[in-house]
Amino acid sequence: MEGNILLINLILWPFAAAVICYLAGWRKVPFGVEGSTETEKEAKARKDLRNVLVIASMLLEIMLYVFAIFSTEKQGSSLHIDKICGLGLNLHFGGFRTVYAGVALLMWSMTALFSKEYFAHYRNRNRYYFFFLMTLGATLGVFMSGDLYTAFVFFEIMSFTSYTWVAHDEKPGAMKAAGTYLAVAVIGGLVMLMGIMMLYFKLGTVMISEICVAATPHFQNGEDIGYLFAAGIMILFGFGAKAGMFPLHIWLPKAHPVAPAPASALLSGVLTKSGVYGVLILCFEIFSGNKTWGVLILVLGVITMFTGAVLAVFSIDLKRTLACSSMSQIGFILTGCAVSVLLGEETSLAAAGTVLYMVNHSLFKLVLFMCAGAVYMKLHKLDLNDIRGFGRKNNFLKVIFAIGALGIMGVPLFSGYISKTLIHEGIVEYAHELTGGAHTAVKAVEYLFLLSGGMTIGYMIKLFIAVFVEKPNVVPVSAKQDTFDKKWSISLLSKIALIIPAGVIVVCGVFTSIYIDHLSVYMSDITHAPEIEHIEIFSLENLKGFAISLTIGLLVYLFIRKCLMKEVNGRKVYVDRWPKALDLEELIYRPVLLKLLPGLFAGIYQGLIKLTEIIWSGLMYLGKGIGFIASSFGEAIIYSVKKIFFKELQENKPSPIMEKLYARFDAGDRALRIIEATISYSIIWLMLGLIGTILFLILYK
């Protein structure tokens, strides 16, 4: 073990804390279960102790993080652990990794505070906190990885531990969504591992700091480019699946509505960024400046950005809308990433916008999902028609949600405006470098960027007005009985968990130098982009882009009011008009995985069995023929000897020796038949076992 030992402690402590907190809250026969000797007071004390230990564990983790920062040199610090998982583990701390480890800790700390009230009446809280802390350790391992193999190891741990978040309620919908999440994670992880091994075979390393130098000669000499692209696409498949990139986004709209709100905030705000982190490595370390790769990421990014926004416009579920919004925002980030690759060395604006957008989106979704959680823990509903007007009397939540919404809409004086403007300027800059059809294509990307930004404004206005402005659909018996007209509030800890990230959004939006001159420069170690020389972030030209998106957003909201609502009993209600037939999971993935592939492999399997039977029958007939000839020849020799020397044959009496030979031949024939049947039987069960194992891993729900 060589390097800064604090790095491994930063990762291992959450795993240890998970066990400690679980044991503190565990009891074999808890209060309320038949046969329990525990009193209600003792049960409350046990749960309070566990909650305190969770928060204390987060405080200790933050202290370790601060110590790691002070013990890290300017160029960063590393740790190599040999003889683990074959290739060993490599960790690195500094620049982008330091920032995103901090973002992860902020989000985990805030959701830990919020979870105390949110889970007050939930079951399986002990299990939730156990995997809550386990996932933190794995996520930090991903962001602090020094090589792709280490990233893969922690990536898979993170996928399995976070699975329980989606399945927490254990209802049919939750279990199906969890199955989809796990299937995408497992398939993506296996494909990614194949790509990493291919890369290691060709480059001789998967160290993030070395793969750029190792890959550059191949691109310069035009050698093995197809091979490297194949490996890169496999790795992109795994990281893109976790990021929610089209067409691997299918888990996002399914998982968020059923997962607890604190878990949704982490899934959207941090776990998707672990996927984006891998895409950044591919774009800036392996395929930096490669136009073909840049175009590939640009196409996927634009489709993800636009599709997610359209899905969010049509959604009438609060958390599903935010989930589809996450998909769209990941598309914005991928678009910035692609433009950075295409610009090459002149990528300062787009690259800075990309990494800042990642941080911003994490903060936005932390605020918005916890606000959604505050509504859900009071009503246990998420349909906009059921929660309509519920936040009208809660001014605190109204302000906090508005901050998150204005941030994600890219309104000036909020942090989202900075990152969105930087990426937009990067697109404009790249368009100016091109002519002809390429210029037209990039201008189309710019228009789609502004259109998607406008749809973001439209669906966020929809959510805010539905929850905090409109009157409820419920017609109360009397005003006193109207739950929606009563003032309600959340606990102090929950308010703190919302105020801190909302405050960061406002402060960084007002004092833009924090983002542009400091944070983006510190995070540029992963993009290798030069420092931004000068930009008038609030210039008329940049404000014009926001004005266009705002106009589109108002038109989108008008479209929602006119086309996505209908009148029922004198009141307008939100209607889900998105065609169910366009669900990619049900339209393509499940039919392919559950019907087409099993049928295809069953046909192949049956063909192999038939071929095996034909070959084996041929060998059996050949063996019998050779055996018959040999036995006949031997019989003739023995008969001749007996005829001459043995009196029994001369008198036509049965020969004991010949009877034994015939018996042995029959026994041998029966043995061959048994072997034939056994091998066929074994092959059948081997194939069934393999198919069963694969189906269990991929499709278990």
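At 61% relative accessibility, Lys562 counts as exposed; buried means under 20% relative accessible area, exposed over 50% and partly exposed in between, with a 1.4 Å probe and protein chains only. You are looking at a predicted model, in which local features need pLDDT of at least 70 and side-chain atom pairs count only at pLDDT 80 or more, while totals for chains, interfaces and linings use all residues. Residues are numbered from 1 along each chain as its sequence is written, and side-chain values use heavy atoms, leaving out hydrogens and water.

**The whole chain**

- Of the 701 residues in the protein chain, 52% are buried.
- Among contacts in the protein chain with a separation of 6 or more, 80% join residues 24 or more positions apart; contact means heavy atoms within 4.5 Å.

**Helix 1 and its two partners**

- Two packed helices are described by the angle between their axes and the distance between the axes.
- Helix 1 (residues 6–25) and helix 4 (residues 125–143) have axes that come within 7 Å and cross at roughly 175 degrees; axes are lines fitted to C-alpha atoms, for helices over the stretch in contact, and angles run from 0 to 180 degrees between N-to-C directions.
- Helix 1 and helix 4 are therefore roughly antiparallel to each other; angles under 35 degrees count as roughly parallel, over 145 as roughly antiparallel, 65 to 115 as roughly perpendicular and the rest as oblique.
- In this contact, helix 1 contributes residues including Leu10, Pro14, Phe15 and Tyr22, while helix 4 brings residues including Arg127, Phe130, Leu133 and Met134.
- By class, the contact of helix 1 with helix 4 holds 15 nonpolar, four polar and one charged residues; Ala, Val, Leu, Ile, Met, Phe, Trp, Tyr, Cys and Pro count as nonpolar, Asp, Glu, Lys and Arg as charged, and the others, Gly among them, as polar.
- The axes of helix 1 and helix 2 (residues 40–70) come within 9 Å, crossing at roughly 175 degrees, so helix 1 and helix 2 are roughly antiparallel to each other.
- Among the residues making this second contact are Leu6, Asn9, Trp13 and Ile20 of helix 1, along with Arg46, Leu49, Glu61 and Tyr65 of helix 2.
- The contact of helix 1 with helix 2 has 16 nonpolar, three polar and three charged residues.

**Helix 15 and helix 17**

- The axes of helix 15 (395–409) and helix 17 (436–468) come within 9 Å and cross at roughly 170 degrees.
- That makes helix 15 and helix 17 roughly antiparallel to each other.
- Residues in the contact include Leu397, Lys398 and Phe401 of helix 15 and Thr456, Met460 and Phe464 of helix 17.
- Twelve residues of the contact of helix 15 with helix 17 are nonpolar, one is polar and one is charged.

**A pocket and a cavity**

- The largest pocket has a volume of about 470 Å³; on a 1 Å grid over the protein atoms alone, a pocket is an open set of points with protein on both sides within 12 Å along at least five of seven lines, a cavity is a set where a 1.4 Å probe fits but cannot get out, and lining residues have an atom within 4 Å of a point.
- Lys254, Leu311, Arg320, Trp578 and Asp583 are the closest to the centre of the largest pocket among its 21 lining residues.
- Helix 9 (251–258), helix 11 (291–314) and helix 21 (584–645) each give two or more residues to this lining.
- The lining of the largest pocket divides into eleven nonpolar, three polar and seven charged residues.
- The largest cavity holds about 140 Å³ of space; grid points are joined across faces, edges and corners, and a volume is the space filled by probe spheres set on the points.
- Of the 14 residues lining the largest cavity, Lys420, Thr421, Gly545, Phe546 and Ser549 lie nearest its centre.
- This cavity lining has six nonpolar, seven polar and one charged residues.

- Lys562 is in helix 20, and its C-alpha atom is 9.9 Å from that of Lys572, ten residues apart along the chain.
- The peptide bond from Phe246 to Pro247 is cis, with omega near 5 degrees; Pro247 sits in the loop between helix 8 (225–243) and helix 9.
- Glu170 has a positive phi, near 60 degrees, and lies in the loop between helix 5 (148–166) and helix 6 (172–203).
- At 37% relative accessibility, Glu170 counts as partly exposed.
- Leu413 has a positive phi, near 80 degrees, and counts as partly exposed at 47% relative accessibility.

Technical notes:
Helix = DSSP H or I, 4+ residues; strand = E, 2+ residues; numbered from the N terminus.
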